[in-house]
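Please read them with the structure open.

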Amino acid sequence: MQAELEFSPKINCFIGNNGVGKTNVLDAMYYLSFCKSHSNLIDNQNINHESEFFVIDGQYERNGTEENVYCALKRHQKKVFKHNKKEYEKLADHIGKFPLVLISPDDISLIYEGSETRRKFIDGVISQYDLDYLTALLRYNKTLQQRNALLKNDNPSDELLTIFDGIMHECGIVIFRKRKEFIDKFIPIFQQYYEIVSQNKESVNLEYDSQLLRNENLGELLGETHERDKILGYTTRGIHKDDLLMSLGELPIKRVGSQGQNKTYLIALKFAQFEFLKQIHREKPILLLDDLFDKLDAERVQQIIHLVANDRFGQIFITDTNRKNLDEILRKTGQDFMLFGVEKGNITQLP
């Protein structure tokens with residue numbers, strides 16, 4: 001199965017019932033920016049069970065220049081990823097070249113799941129513009145795995161633990177300071193977008209929580225917990241314990257937020273991510289809105305569509321199940337848009 005599509009430079013909408021393949025189209029675009037799927041991190045499982053390979057070939061135009069991103073994977077072989085026909089030695093070198101923001105139903109995990117999900121959100125934003133951060137993060141995570149493996153031994157070496165502590169401190173302080181700087185700048189942008197989408201109905205906040213806020217010497221913190229970590233068999237301190245505290249008013253949104261408030265919170269979070277990346281890259285990221293209207297009242301939906309249709313945003317891709325509502329709102333924006341129907345994986349342009 002294959003599809004070759006040409007899109008509007010502004011708004012593109014994919015209409016179809018649930019389970020027909022709309023999200024797969026957005027995931028292919030996500031893959032070309034992040035070298036991986038958003039919904040399935042095991043590459044081989046992204047190959048259709050009746051096929052031996054998949055290919056995603058994207059033609060981009062920006063600042064009057066055409067660029068190509070190519071990805072191919074055969075079963076049980078190494079993934080091939082190229083930019084303008086040149087293959088990458090390290091996939092990390094591609095991250096950030098084509099900034100992209102995805103808003104999807106899976107974002108609800110940012111509110112309800114553990115701190116790892118929220119750290120991934122922070123990491124995903126910063127890694128799109130700061131290679132030093134991504135390098136430090138990859139090294140920290142690798143060292144953390146090694147330290148945890150050592151702690152599972154019957155008699156772990158304190159000398160080796162101390163070596164790992166030093167590496168984790170070196171990388172961890174870079175990660176901590178860049179996370180703190182990012183969150184401080186990010187919060188007012190996020191609050192502004194929430195006010196716009198909710199029309200000033202509620203106040204919201206974000207707060208960065210880290211053990212290093214109380215003591216930046218991670219090596220010292222790790223050294224204090226050698227005996228405890230040996231008993232537990234894992235590392236109890238470090239930036240891998242960081243969290244992002246999300247509140248509605250004065251209370252955790254996880255406890256008090258309605259479905260509509262939760263979705264508004266997440267949309268504002270992702271719009272702030274868009275704005276932040278736009279300022280850093282000096283170009284508008286691609287914006288993907290998957291199943292946007294679910295659990296939102298008509299007023300908030302209209303507010304969001306009018307917001308993304310203005311010149312602040314660039315190329316946008318939206319999936320929905322109801323063409324009637326979307327068609328009416330889009331025509332009112334006066335912006336160029338294209339509609340595509342999706343059925344059983346087949347995509348056709350609609351009049």
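**Notes on the predicted model**

1. Val55 first. Val55 sits in strand E2, residues 53-62. The model is predicted, so please read every value below as computed from it. Val55 is partly exposed, at 42% relative accessible area. Beyond its neighbours within four places in sequence, Val55 is in contact with Tyr70, Cys71 and Ala72. Val80 is 25 residues from Val55 in sequence, and the two C-alpha atoms are 9.5 Å apart.

2. Overall fold. The protein chain has 11 helices and 13 strands. Its radius of gyration is 22 Å; a compact globule of 351 residues would come near 20 Å, so the chain agrees with that expectation. The C-alpha trace spans about 70 × 50 × 35 Å along its principal axes.

3. Packing. Buried residues make up 50% of the 351 residues in the protein chain. Of the contacts with a separation of 6 or more, 71% are between residues 24 or more positions apart.

4. Cysteines. How many disulfides does a search of the whole structure find? The search finds zero. Cys13 is buried, with a relative accessible area of 0%. Cys171 is also buried, at 4%.

5. Asp290 deserves a look. Asp290 lies in the loop between strand E10 (286-289) and helix H10 (298-309). Asp290 is buried, yet it has no salt bridge. Which side chain of opposite charge is nearest to Asp290? That is Lys22, 6.4 Å away, whereas a salt bridge needs the charged atoms within 4 Å. The side chain of Asp290 does make a polar contact with the side chain of Thr23, at 3.0 Å. Thr23 is also among the contacts of Asp290 outside its sequence neighbours within four places; the others are Leu26, Leu102, Ile103, Ser104, Pro105 and Thr319.

6. His94 is another loop residue to check. His94 lies between strand E5 (86-87) and strand E6 (100-103). Is His94 buried or exposed? His94 is buried, with a relative accessible area of 0%. Setting aside its neighbours within four places in sequence, His94 is in contact with Leu32, Ser33, Cys35, Val69, Phe81 and Tyr88.

7. Salt bridges overall. Side chains of opposite charge can pair when their charged atoms come close. The count here comes to 18 salt bridges. Arg62, Glu67 and Glu283 are linked in a network of them.

8. Helix H5 pairs. Asp184 forms a salt bridge with Lys180, with the closest N and O atoms 3.4 Å apart. The two are four residues apart in helix H5 (residues 158-198), so about one helical turn separates them. Asp184 is partly exposed at 48% relative accessibility, and Lys180 is partly exposed at 33%. Glu181 forms a salt bridge with Lys185, with the closest N and O atoms 3.3 Å apart. Glu181 and Lys185 are four residues apart in helix H5, so about one helical turn lies between them. Glu181 is partly exposed at 44%, and Lys185 is partly exposed at 45%.

9. Helix H7 pair. The side chains of Lys230 and Glu227 meet in a salt bridge, 3.3 Å from N to O. What separates Lys230 and Glu227 in helix H7? They are three residues apart in this helix (residues 226-232), so the separation is about one helical turn. Lys230 is partly exposed, with a relative accessible area of 22%.

Key:
Residues are numbered from 1 along each chain as its sequence is written. This is a predicted model: local features need pLDDT of at least 70, side-chain atom pairs count only at pLDDT 80 or more; totals for chains, interfaces and linings use all residues. Side-chain values use heavy atoms; hydrogens and water are left out. A disulfide is a pair of cysteine sulfur atoms within 2.5 Å. Buried means under 20% relative accessible area, exposed over 50%, partly exposed in between (1.4 Å probe, protein chains only). Contact means heavy atoms within 4.5 Å. Lys and Arg count as positive and Asp and Glu as negative; His and the chain ends are not counted. A polar contact is a pair of N or O atoms within 3.5 Å; within protein, one must be able to donate a hydrogen and the other to accept it, and residues adjacent in sequence count only if both atoms are side-chain atoms. The radius of gyration is taken over C-alpha atoms; the globule rule is 2.2 Å times the number of residues to the power 0.38.
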